[in-house]
Amino acid sequence: MAHVTRRNFLGTASLAAAGAAMGPWVRRAGAQAGPVKIGLVLPYSGVYAVLGESITQGMELVFARENWTVGGRKIEMIKEDDEMQPPVGIRKTEKLIDSDKVDILTGPVHSGILMGMRDKVHNSKTILIVSNAGADAISRERCSKWIFRTSFSNWQPNQPMGEWVAKHVSKDVFIAAPNYQAGKDQLGAFKETFVPAGGKLVGEDYPKLGETDYAPYLTKIRQSGAKAVYAFFSGSDAVNFVKQYDQFGLKQSIKLTGAGFLTEPDVLPAQGKSALGVITGHFYTPLLDNPTNQRFVKEFQAKFGGKMPDGFACQGYDTAEVIVRALKAVNGNTQDKPKLVEVIEKSEFDSPRGRFRFDPKTHNVIQPFIYIREVREVAGGINNVPIDRVANVTDPGTGCTLPRPPPLPLWTGAARPGWSRGDDPQRFRGSACRVICLRRR
Ligand code: BEZ
């Protein structure tokens with residue numbers, strides 16, 4: 001039996017007492033030796049496969065910079081292909097939460113998949129950092145304390161474009177987008193400012209997501225009398241639509257405009273000269289001349305075989321940057337979820353797109369700028385040249401109530417508005433209740 005002196009007995013006893021007084025938060029931090037698991041629900045096949053790849057690469061760039069270790073813990077990415085199918089995306093989300101027990105979830109690309117994942121994420125109190133899907137409802141009536149979005153709401157790149165197109169391109173416009181939630185959201189946002197600016201919608205159409213033959217739609221556009229088209233397509237849909245628009249002979253007579261996804265660098269090489277002259281609105285272009293972006297473009301190209309980063313890669317970069325900063329702030333302790341939410345909310349840093357911050361009312365990113373860009377031939381190839389911009393584009397967040405709760409007086413024991421009793425870290429406050437406070441956190 002070990003010999004217990006009075007001195008080491010007292011030392012051991014006071015350490016134990018200190019541990020009890022500090023509560024489980026501190027003890028758990030030491031026990032978290034495993035990797036931080038980050039689950040990715042992204043399309044690695046199908047129409048939006050190139051988007052999933054760019055987001056993943058943007059994240060890998062940041063984690064590689066940190067040597068895949070943050071807050072004393074290894075970073076492990078668990079990638080799941082949602083195959084662009086909402087039931088598959090939901091199943092993969094459940095697997096990542098229930099079996100893999102991920103610390104943080106990111107993705108998806110498809111708005112319908114995000115809507116399907118939302119309740120599982122919210123009810124399981126899993127932190128989701130949306131790295132693409134723009135479903136407006138997630139910043140509005142379906143917002144959640146546990147959900148952040150580093151990409152955009154579908155409204156953001158499109159709402160400024162309605163007025164811009166009416167003023168600078170034409171008032172007779174045909175609009176088109178794939179027939180699902182993102183298509184409806186994006187064109188709805190365009191209409192919001194296009195019509196009040198005197199614009200007339202001469203037609204609108206919603207081909208299926210993944211359409212490969214746009215001829216019937218292009219025929220309608222030709223016959224509509226439109227002077228311009230405003231379109232949202234992305235991934236292989238954007239390649240097919242832009243190429244066929246040109247092959248159909250519409251490019252010279254009916255100006256093609258749209259949401260930025262239509263001509264992102266993920267699709268520009270396949271679109272080639274068919275994309276020249278297309279005008280789109282987006283929060284990013286690799287041609288931005290801020291130092292963070294210049295470094296990002298250089299490092300991204302060096303790591304990924306000369307590939308030009310797109311907005312999706314910037315979203316992945318910002319998602320990983322938010323994660324890295326939050327993990328550093330909590331010293332790698334991912335068990336205290338309300339604390340993680342609190343530090344993520346405060347994220348602020350220089351992103352390739354400009355100064356990055358979340359709107360505390362919605363947890364959606366505030367776009368420093370929406371750039372109006374024209375596809376031109378520049379040094380280094382075909383790219384999106386900024387020709388105008390609109391500052392501080394913030395989703396209206398209608399119907400979302402994520403209050404920044406005011407602190408409660410001491411010892412009330414009640415939760416603040418917007419928090420359930422069990423979740424609220426400030427339910428008990430003050431030095432006299434240190435043990436209870438720490439247990440509650
Ligand atoms: C969406 O489904 O939300 C989406 C997909 C591709 C690009 C932009 C938005």
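Helices (H or I, at least four residues) and strands (E, at least two) are DSSP runs, numbered from the N terminus. The model is predicted, and local features need pLDDT of at least 70, side-chain atom pairs count only at pLDDT 80 or more, and totals for chains, interfaces and linings use all residues. Residues are numbered from 1 along each chain as its sequence is written, and side-chain values use heavy atoms, with hydrogens and water left out.

Two backbone features lie in loops. Proline 108 is found in the loop between strand E4 (104-107) and helix H5 (111-123), and a cis peptide bond with omega of about -20 degrees joins glycine 107 to proline 108. Asparagine 67, in the loop between helix H3 (49-65) and strand E2 (69-70), has a positive phi of about 55 degrees although it is not a glycine. Most residues other than glycine have a negative phi, and most peptide bonds are trans.

The ligand has 16 residues around it, of which Val109, Ser111, Gly134, Tyr180 and Ala182 come nearest; a residue is near if one of its heavy atoms lies within 4 Å. Polar contacts are pairs of N or O atoms within 3.5 Å. Oxygen atoms of the ligand lie 2.6 Å from a polar side-chain atom of serine 111, 2.9 Å from a polar backbone atom of glycine 134 and 2.5 Å from a polar side-chain atom of tyrosine 180. Taken alone the ligand exposes 270 Å², and the protein buries 100% of that (Shrake-Rupley method, 1.4 Å probe).

Aromatic rings of Phe, Tyr and Trp (its six-membered ring) pair if their centres lie within 6.5 Å; planes under 30 degrees apart count as stacked, over 60 as edge-to-face and the rest as tilted. The count comes to 20 aromatic pairs. In one of them, the ring centres of phenylalanine 152 and phenylalanine 261 are 4.9 Å apart and the planes are at 50 degrees, so the pair is tilted. Phenylalanine 152 lies in the loop between strand E6 (147-149) and helix H6 (155-168), and phenylalanine 261 in the loop between strand E10 (255-259) and helix H10 (268-271), so the pair ties together parts that are 109 residues apart in sequence.

Note on methods
Polar contact = N/O pair within 3.5 Å; in protein donor to acceptor, adjacent residues only side chain to side chain.
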